[in-house]
Amino acid sequence: MTNSQPIMPLLTSQGSRVPLIKVRLDDYDYNEETLQELLFNYPELLPLDELEAGVESLVAVAREVESGAGPIDLLCFDTSGNIVIVETKLWRNPEARRKVVAQIIDYASHLSLLSYENLIERIRAVRDDLPEDKNRDPLAALVEAESGEPVDEARFVDRVTSNLSKGRMLLVIVGDGIRSGLETMSGFLQRHPQLGFTLGLVELNLYRPDKETFTNDDVLVVPRLIGRTREVVRSVVEVRTISGAAQPEINVSIPEKHNGSRGRTTGRPTSIS
């Protein structure tokens, strides 16, 4: 991935033009908990249209949900039953850069082992206001109430259950300057071919007016997608004759490596786009 020219937003109002400069999150005492709270209140900051088609009307359901491998910073669902896991990370600690990708994948892997009922229990453990109407599913009711859109309860529960069992989730790492380590993402993902998740990296940038007299702490928050995985699948259909009957067999192979070797898997190989 090549470095791009820094963005300089321009604020215009009633004929005046004020350039905005980028500031460090440290300057505004932002930490990972602050980012969690920001995204919990405004999940629409995530560029979902660029990350994964079909995910919309996202609701941040709970923070610090126990996955079995550690607490998930932010667990989200949309009205269709898509699952989104968000991890926030500031890059003050170089060790965190190396671990965050493996960490979020580990969370997703453990979450995929849960039943729908177990998932509800873990959400309820950190969110005591989960609806308790016996005639409605609590998670579907919550997503409907907070999204303001109708949710087909039966389809929602079925979709979440299916996504859990197949490990089909959108994983999003949100930070303040993610750059290094993108080349390792494919390696991490190919260790879990049985799971169907997509992984995206989102950078949050803060801007303020470029004026020495500026004293207001208000800032402009600009999210930017800087990397995501995409599906790369090669299938070979072999027809074998067994006892006089043709038996098709489908093999899905990992893309060829530079040395020309090829492996095989029944899962979903990925690469960085």
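Visitor: Is Arg124 buried, partly exposed or exposed?
Guide: Buried means under 20% relative accessible area, exposed over 50%, and partly exposed in between (1.4 Å probe, protein chains only). Arg124 has 31% relative accessibility, so Arg124 counts as partly exposed.

Visitor: What should I know about the model itself?
Guide: It's a predicted model: local features need pLDDT of at least 70 and side-chain atom pairs count only at pLDDT 80 or more, while totals for chains, interfaces and linings use all residues. Residues are numbered from 1 along each chain as its sequence is written, and side-chain values use heavy atoms, leaving out hydrogens and water.

Visitor: Which residue forms a salt bridge with Arg124?
Guide: A salt bridge here is a side-chain nitrogen of Lys or Arg within 4 Å of a carboxyl oxygen of Asp or Glu. For Arg124, the closest N and O atoms of the pair are 3.7 Å apart. The partner is exposed, at 62% relative accessibility: Glu132.

Visitor: Is Glu203 buried or exposed?
Guide: Glu203 and Arg224 meet through their side chains in a salt bridge (3.4 Å, N to O). Arg224 is partly exposed, at 25% relative accessible area. Glu203 has 2% relative accessibility, so Glu203 counts as buried.

Visitor: How many salt bridges are there by this rule?
Guide: Among other pairs, Arg136 and Glu153 meet in one, 3.1 Å from N to O. Arg127, Asp129 and Glu146 are linked in a network of salt bridges. By this rule, the count is six.
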